[in-house]
Amino acid sequence: FFSGTMFGETLSIAAAIATIDKIERENVIPHLWEAGEFLVTELTKLLKKYGHLYPIGIYGRYPQIKLKFSPALGATKEQIRTLFQQEMAQAGVLIANCHGISFAHREPELKRIMFAYEHTLDVLYESLKADDIVERIGGNTVVPLVREAS
């Protein structure tokens, strides 16, 4: 028995069934995990290049990789995040602090993301060494809208 205000609306149910069929038929879920694993593996290698001083950490499960920014060498985590977002965007990748992997992420997209990371991390590293992060930020520093819990 199914009853309710919108009980006669079956288009959404049909769309959900069609979506589930496609997910199963095209092995979408394994693809999401493989793409996420690729990004984590390659990003981990790249971060190791800069040693333990690097202020970016990776956490989360492969399809939803998240980045955590920490203060380093006199720069605040907000300044680091701002320069990170700015440089990733200039390299063609819009990102705040996570990768929402989708079925559309294929090898060319993943390579482009890694190219953007290489560019961005080089700029961040040089900026931290030169202590000129504020001068490299092309606008206001990103600030949290919600205060972090103590």
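This is a predicted model: local features need pLDDT of at least 70, side-chain atom pairs count only at pLDDT 80 or more; totals for chains, interfaces and linings use all residues.
Local features here need pLDDT of at least 70, side-chain atom pairs count only at pLDDT 80 or more, and totals for chains, interfaces and linings use all residues. Residues are numbered from 1 along each chain as its sequence is written, and side-chain values use heavy atoms, with hydrogens and water left out.

**View 1. Helix H2 (residues 28-48) beside helix H4 (residues 107-130).** Their axes come within 11 Å and cross at roughly 25 degrees. H2 and H4 are therefore roughly parallel to each other (angles under 35 degrees count as such). Residues in contact (heavy atoms within 4.5 Å) include Phe 38 and Leu 43 of H2, and Met 114 and Tyr 117 of H4. By class, this contact has 11 nonpolar, no polar and 2 charged residues.

**View 2. The largest nonpolar core, with 35 residues.** Such a core joins buried (under 20% relative accessible area) Ala, Val, Leu, Ile, Met, Phe, Trp, Tyr and Cys residues through side-chain atoms within 4.5 Å. Among the members that touch the most others are Ile 56, Ile 80 and Leu 121. H4 gives the largest share, 9 residues.

**View 3. Phe 84 and its neighbours.** Leaving aside residues up to four places away in sequence, Phe 84 touches Ile 56, Leu 67, Phe 69, Ile 95, Ala 96, Tyr 117, Thr 120 and Leu 124.

**View 4. Leu 73 and Asp 131, with positive phi.** Leu 73, not a glycine, has a phi of about 45 degrees; for Asp 131, also not a glycine, phi is about 55 degrees. Asp 131 is exposed (over 50%), with a relative accessible area of 57%.

Note on methods. Axes are lines fitted to C-alpha atoms, for helices over the stretch in contact, and angles run from 0 to 180 degrees between N-to-C directions. Helices (H or I, at least four residues) and strands (E, at least two) are DSSP runs, numbered from the N terminus. Angles under 35 degrees count as roughly parallel, over 145 as roughly antiparallel, 65 to 115 as roughly perpendicular and the rest as oblique. Ala, Val, Leu, Ile, Met, Phe, Trp, Tyr, Cys and Pro count as nonpolar, Asp, Glu, Lys and Arg as charged, and the others, Gly among them, as polar. Buried means under 20% relative accessible area, exposed over 50%, partly exposed in between (1.4 Å probe, protein chains only).
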